[in-house]
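Here is a short briefing on aromatic pairing and helix packing. Look over the sequence and the structure first, then read the points below.

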Amino acid sequence: MLSLKGTLILLLLFFSSFFGSIFMLAPFLPVMLLSTSVYRWITDRIVAIWLTLPVALLEMVLGVRVVITGDGFVSGERTVIIMNHRTRLDWMYMWNCLLRYSYLRMEKICLKSSLKSIPGFGESA
């Protein structure tokens, strides 16, 4: 059975992403017609700001503690993170890691080619 706290967090994440897309990202769509690089610069920062919300909810409300081990990120170098998807929430744990190293706004995700046939995911891949 779902807990009340978990259900409220899921609803908060859903509605904040839905209304954030409408009221924070949609007004910048005309900028895309003028300069795609400026549009990407703006939207990368808006999305990175929103991605701090799930990280804060995980750590502060649910009390999740993320321990980062292994090689650290080297400033100025590109890094590839390969995830095994042991849980459906592993993206949120990666956001914790990226936030600690100030790389959250530079995150780019590549999906497997088998996901291209799924409506919604495949259109953006």
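Buried means under 20% relative accessible area, exposed over 50%, and partly exposed in between, with a 1.4 Å probe and protein chains only. This is a predicted model: local features need pLDDT of at least 70, side-chain atom pairs count only at pLDDT 80 or more, and totals for chains, interfaces and linings use all residues. Residues are numbered from 1 along each chain as its sequence is written, and side-chain values use heavy atoms, with hydrogens and water left out.

- Helices (H or I, at least four residues) and strands (E, at least two) are DSSP runs, numbered from the N terminus.
- Rings of Phe, Tyr and Trp (its six-membered ring) pair if their centres lie within 6.5 Å; planes under 30 degrees apart count as stacked, over 60 as edge-to-face and the rest as tilted.
- The structure holds 5 aromatic pairs.
- Phe15 and Phe19 are a stacked pair, because their ring centres are 6.2 Å apart and their planes meet at 20°.
- Both Phe15 and Phe19 lie in helix 1, 4 residues apart, about one turn of the helix.
- Phe19 also pairs with Phe23: the centres are 6.2 Å apart, the planes are at 15°, and the pair is stacked.
- Phe19 and Phe23 are again 4 residues apart in helix 1, about one turn.
- An α-helix has 3.6 residues a turn, so residues three or four places apart point the same way.
- One aromatic cluster is formed by Phe14, Phe15, Phe18, Phe19 and Phe23.

**Accessibility of the paired rings**

- Phe15 has 41% relative accessibility, so Phe15 counts as partly exposed.
- Phe19 is partly exposed too, at 38%.
- Phe23 has a relative accessible area of 60% and is therefore exposed.

**Helix 4 and its cover**

- Helix 4 spans residues 90-100, and its buried residues are Asp90, Met92, Met94, Trp95, Asn96, Cys97 and Leu98.
- Contact means heavy atoms within 4.5 Å.
- Helix 1 (4-25) and helix 3 (36-61) are among the elements that cover these buried residues.
- Ser102 follows helix 4 and has a positive phi, near 60°.

- Ala56 is found in helix 3.
- Its relative accessible area is 28%, so Ala56 is partly exposed.
- Ala56 and Asn96 are 40 residues apart along the chain, and their C-alpha atoms are separated by 8.7 Å.
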